[in-house]
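This report describes the pairing of strands in a sheet and the packing of helices. The structure is shown first, and the description follows.

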Amino acid sequence: MSSTRRALRSRRLMCKFVGICACSRCTGLTFFMAAKRRDWWAWSMVRRRRFWIDDIERQTANPSSSDMSAGVTGSGRSMGQRQVQGSKITPNLISFNTVLAACEKSGRWISAQQVLRQMNENALPPDRRSWTSLVACFSRGSKWMEAHGTIQELRQMRLQQDMMIIGAAASAYQRGHQWLFAMEVFSQVLSLNLQPDEQLYSSVIAASAMALQWETAMSLLQSMPARRLQTTSASCAPVLTALLEAKHWMKALELFNKPGLAKDTQMYSRMVMVCEQHNLVELKQPLLESLVHDLAASADQQSLTTLVAGRSVSRRPGARARDVPLSGSVPWRPYAKEIRLMEHILETAVQGDPASVCDAFESFGLNMSGTSKAWLKLAAGEKAQVLVAAACCAPAGLMLEIGTYCGHSAIRLAAARPDSRVVTLEVDPVHAIIARALVEFAGLSSSVQVWTGYSRDLIPFLANRYRDSKGTFGFVFMDQRGSRYEEDLASLQRLSLLREEAVVVADNVLKPGAPRYLWQVCRSGAFDTEVVRVFEFAMPVEDWMSVSVVRGGTTAATAAFATPSELEELSQVADEMRNRAQTSGGVSFTDWSSFAEKMQEGLHKHGISATLDVHSFAGREKGVQPASSQELTFWKSRGTHPVLAMFLILTSSYKDSDRFVKSSQ
């Protein structure tokens, strides 16, 4: 066996071992598709993949293009591009297409353009697959104009377009809200006697609905059965939103109740969101009843049905709370954990006592164990101390929480700042139902308002409902999907919803991570930021929370601050881990710990590290106490923002001042 064959065989065995590839022939396409299916391993393998092509070059004097293709596909994402550019081997069309496919997956449209230029330099004309990957890159990057220009170029070249290219273009037009162009490519499909698929229909329908062209969107939706295509939530949800925005309530309800339509959380969330915003009580009530029936397990419907019926929750004296299940004791069911949590709080906490309710939250969470699927995600323990201390330093007024879950943090914030009101957003309508019930049980209904829907849809609504001439929110707590942090922060700035010296706290910026957001708040110059190292609640894993203060004069949107490509890749890895945690198997605590260490290494390379350690501090047990002038002077003399100085004092971190000052320089 030649040295090259031995090298490739060892690589195949390595891939088989980690579950990436179990194929007998190391072809480019097989390697890429296998890596795509198990892409969460990319982070742990990326360093090993760097030397694949180098090994092949060293072990054979005349490596072939097929060897090159196999090595490139194993390297994944932008690593493959660097290997193609730096290798002495002449890459072939398969190699370039593999790199383009990796760029497509990661949305690296700039890299895709560079690869296409390199193909032209190597006298390799792009084929249909190359152009498809390029257009798909533009779509993922929300660059509809570039995608449109590519489509026009292909028409001038008289290159026959297939459904893959047209579908990618339609997706780009959808993201850019260009419904006329989307309809143009849809008409092109019909003129070529091609069969439109469900993905193309969904893109064109969504583009039309986003432009409030509900008649066009409805017509397309109704034509799908005639082509033997199944209507899905992806095609129906945008039409529902357009109908509701146009105030065609009955048409929306008729569509929603269409027999055979698979309803998911996204559709219910959109319907409930608009009903809440327009106070459509008569329409909202049957929606919630249908929601409980469709999404909650039958064994857990009784408690939710009571809440949906509008009956107030109260503690039932003498009733016994159900035992807290451990991870392996009962089969996992949708919302079973949250409903069991609610019942535990109602049976063990004191009604009208926020502290008792929060204690019941945490006692339930401490009894959960196992993977992240059983673990209860709360900003409790050390995280709660950081959250309350930061909130107490914020300007008085409205406080915003993005990511309510079951209401634990909202209750803590409202109790800590009785002079402020909490506005909290939750995308999952079942979680919103439970959160409202527990907020009411804690006696804080007048201080906490829960809105259902996606943050990208609700933040503009908040601007109209709560706008203040001095800015709306003095405190923001972000606890939603970390990949949305920087986008939601930009929306708050663009709509002038942040007060001067507003405090913005973000959770889980290390695990699963929010690299783009950390780069923005730590490096853009618009914020003074401390990154606080904490332990995750009920999990022996390190995590970070960021505490940022808006600098004077920067409450409006700041100029775009480019994120390094390495941090973009870290963000993609974080999303992959986040998605893995939401599967039925979840993620073990050991895997979380290993992932947090690797994420910390990646951030440290770009100068982002924890500046404050609260693993050992106990806080001020008797509550928040006023800071002395000596303490404030100590921190101000070191250039610390006055609001952050107050935060550091409240968390008793001044005891470790020398270490902190050194690490923050």
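Strand β8 (residues 612-613) runs parallel to β6 and is joined to it by two bridges. Within this pair, arginine 533 stands opposite aspartate 613 of β8. The model is a predicted one, in which local features need pLDDT of at least 70 and side-chain atom pairs count only at pLDDT 80 or more, while totals for chains, interfaces and linings use all residues. Residues are numbered from 1 along each chain as its sequence is written, and side-chain values use heavy atoms, with hydrogens and water left out.

Some terms apply throughout. Helices (H or I, at least four residues) and strands (E, at least two) are DSSP runs, numbered from the N terminus. Two strands are said to pair if DSSP finds at least two bridges between them.

**The sheet**

Eight strands form an open sheet with mixed pairing, in the order β3-β2-β1-β4-β5-β7-β6-β8. Because β3 (448-452) and β8 each have a single partner strand, they stand at the edges, and one side of each is left without a neighbour in the sheet.

Strand β6 (residues 527-535) is mostly covered, with eight of its nine residues buried; buried means under 20% relative accessible area, exposed over 50%, and partly exposed in between (1.4 Å probe, protein chains only). β6 pairs with strand β7 (residues 542-550) in the antiparallel sense over nine bridges.

β2 and β3 pair in the parallel sense over five bridges, with glutamine 449 in β3 as the bridge partner of valine 423. β1 and β2 also run parallel and are joined by five bridges; here isoleucine 402 has leucine 425 in β2 as its bridge partner. Helix α25 (residues 455-466) lies across β1 (398-402), β2, β3 and β4 (473-478), and runs at about 135 degrees to β3.

**Helix packing**

Two packed helices are described by the angle between their axes and the distance between the axes. Axes are lines fitted to C-alpha atoms, for helices over the stretch in contact, and angles run from 0 to 180 degrees between N-to-C directions.

| Helix pair | Axes come within | Crossing angle |
|---|---|---|
| α16 (residues 249-256) and α17 (residues 265-277) | 12 Å | roughly 160 degrees |
| α22 (residues 382-393) and α23 (residues 408-416) | 10 Å | roughly 40 degrees |

The axes of α16 and α17 cross at roughly 160 degrees. That angle makes α16 roughly antiparallel to α17; angles under 35 degrees count as roughly parallel, over 145 as roughly antiparallel, 65 to 115 as roughly perpendicular and the rest as oblique. In this pair, Trp249, Ala252 and Phe256 of α16 meet Met267, Tyr268, Met271 and Val274 of α17, where contact means heavy atoms within 4.5 Å. The residues of this contact divide into seven nonpolar, no polar and no charged. Ala, Val, Leu, Ile, Met, Phe, Trp, Tyr, Cys and Pro count as nonpolar, Asp, Glu, Lys and Arg as charged, and the others, Gly among them, as polar.

For α22 and α23, the axes cross at roughly 40 degrees. That angle makes α22 oblique to α23. Ala384, Leu387, Val388, Ala391 and Cys392 of α22 make the contact with Ser409, Arg412, Leu413 and Ala416 of α23. By class, the contact of α22 with α23 has seven nonpolar, one polar and one charged residues.
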